Amino acid sequence: MRDRISMRQAGIIICLTIFSNKILLLPALMYNFIKADGIFSIIILFALEFVCLPILFLLKRNFPDEKLHDILKKYLTVVGAKIIYFMLLVFMIFKVLLTFSIVYVYFKQQIYQNEFIWIAFVAFLPVVNHAFMSGIKPTARTMELFFSVIMAGFIFCLVISLFTTISTPTFFVSSAKNIFSSVYKYAFTFGDLLFMFVIIDKIDYRRRQERKMYFYTFLGMLLVVLLFFLFYGKYQITSFMHNNALADLLVFSVQFNAIGRLDIIAMLTIMFITLFQMEIYCYGFCDCLLGIFPLLDKKYAIVVFDLAFFILYYVFIGKYEVIVHATVSWLPILGVIIGYALPILCLIISIIKGRKNEKSG
């Protein structure tokens, strides 16, 4: 049986990637730069992301069973396709590094209080390695199984925050220039639909089911916007001090009648979301590597991923602050090129292919 995923599973994957790097540190970073107007920035960024979805569908209709690498190779030559895939590979590995670094610091603060880096490696690396070796279909089925639990946990955190003091955030305190500058500055934390382009050949496309992917995409975006609104409404001018947005919504409300501490729900929700996100980006990295080196075996691809992760984390990253700084300094360049220029390129290719089909028909 072909390793393909349904439209619903693809939508769930998109929803989980939308949460990536946005539910913990990003609200505080944005507030520090443009205050509560960060909500306008993420709405703009989400609007740009949402436009990528019809481009994905158009590309899939014109190239039903072809891989993205083969499509790019036809129109940009082999060298052009490999250059784009190399940038995608770099994008995926730094997504993993950023996701891991932020969540590692969160769990270190909340649970261990001390360094537990090797425990973290042992806990997640075998899981993400197995996910890639098993294929995208079993991975998507697992995500589908846990999706309701994740959504329940996420929405629970948002609802419980309403039992604390929340007021309307103060908007329109930043200039339009700063708002649009933040769109560029935080571009790397988005690019959520790129993974779908990488595995476009593995989507069991049904035109009538496009609305399912639209629904899950909109759902993820809506929940993130609500998170930002409630977070800024709760903390106001001290928002920049709270680096774990989803979990910090439960502060001052962790004791709820006789139930006890509720922050464990946020921890479990963040743990599941993070694990699935890292599986997605690990799969994306390895798939891009196999696109660049088609003769490479999957086992070697996963070894390269593990080595690249260890080397980059210890040699290049070293500290949590380094990857955060890179996210808002030079990584936005990669985020813009890959996150927005690539979908535009795919749109142009789709239009050219569509015209050729019309002429030949």
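Modeller: Glutamate 279 lies in helix α11, where helices are DSSP runs of H or I with at least four residues, numbered from the N terminus, and strands are runs of E with at least two. This is a predicted model, in which local features need pLDDT of at least 70 and side-chain atom pairs count only at pLDDT 80 or more, while totals for chains, interfaces and linings use all residues. Residues are numbered from 1 along each chain as its sequence is written, and side-chain values use heavy atoms, with hydrogens and water left out.

Colleague: Why is the pair of arginine 8 and glutamate 144 called a salt bridge?

Modeller: A salt bridge is a side-chain nitrogen of Lys or Arg within 4 Å of a carboxyl oxygen of Asp or Glu. The closest N and O atoms of arginine 8 and glutamate 144 are 2.5 Å apart, so the pair meets that rule. Arginine 8 lies in helix α1 (residues 7-18) and glutamate 144 in helix α6 (residues 136-160), so the pair ties together parts that are 136 residues apart in sequence.

Colleague: What makes arginine 8 partly exposed?

Modeller: Buried means under 20% relative accessible area and exposed means over 50%, with partly exposed in between, for a 1.4 Å probe and protein chains only. Arginine 8 has a relative accessible area of 28%, so it counts as partly exposed, and glutamate 144, at 25%, is also partly exposed.

Colleague: Which residues are linked with Asp287 in a network of salt bridges?

Modeller: The network of salt bridges links Asp287 with Asp201 and Lys202. Between aspartate 287 and lysine 202 the closest N and O atoms are 3.8 Å apart, and both of these residues are buried.

Colleague: How do you know that glutamate 279 has no salt bridge?

Modeller: Lys and Arg count as positive and Asp and Glu as negative, whereas His and the chain ends are not counted. For glutamate 279, which is buried, the nearest side chain of opposite charge is lysine 298, and that is 13 Å away. Glutamate 279 does touch Val127, Val128, Ala131, Thr139 and Met143, not counting residues up to four places away in sequence, contact meaning heavy atoms within 4.5 Å.

Colleague: What makes a set of residues a nonpolar core?

Modeller: The set consists of buried Ala, Val, Leu, Ile, Met, Phe, Trp, Tyr and Cys residues joined through side-chain atoms within 4.5 Å. In the largest nonpolar core, of 136 residues, Phe19, Leu88, Phe100 and Met196 touch the most other members. Helix α4 (residues 68-112) gives the most to this core, with 23 residues.
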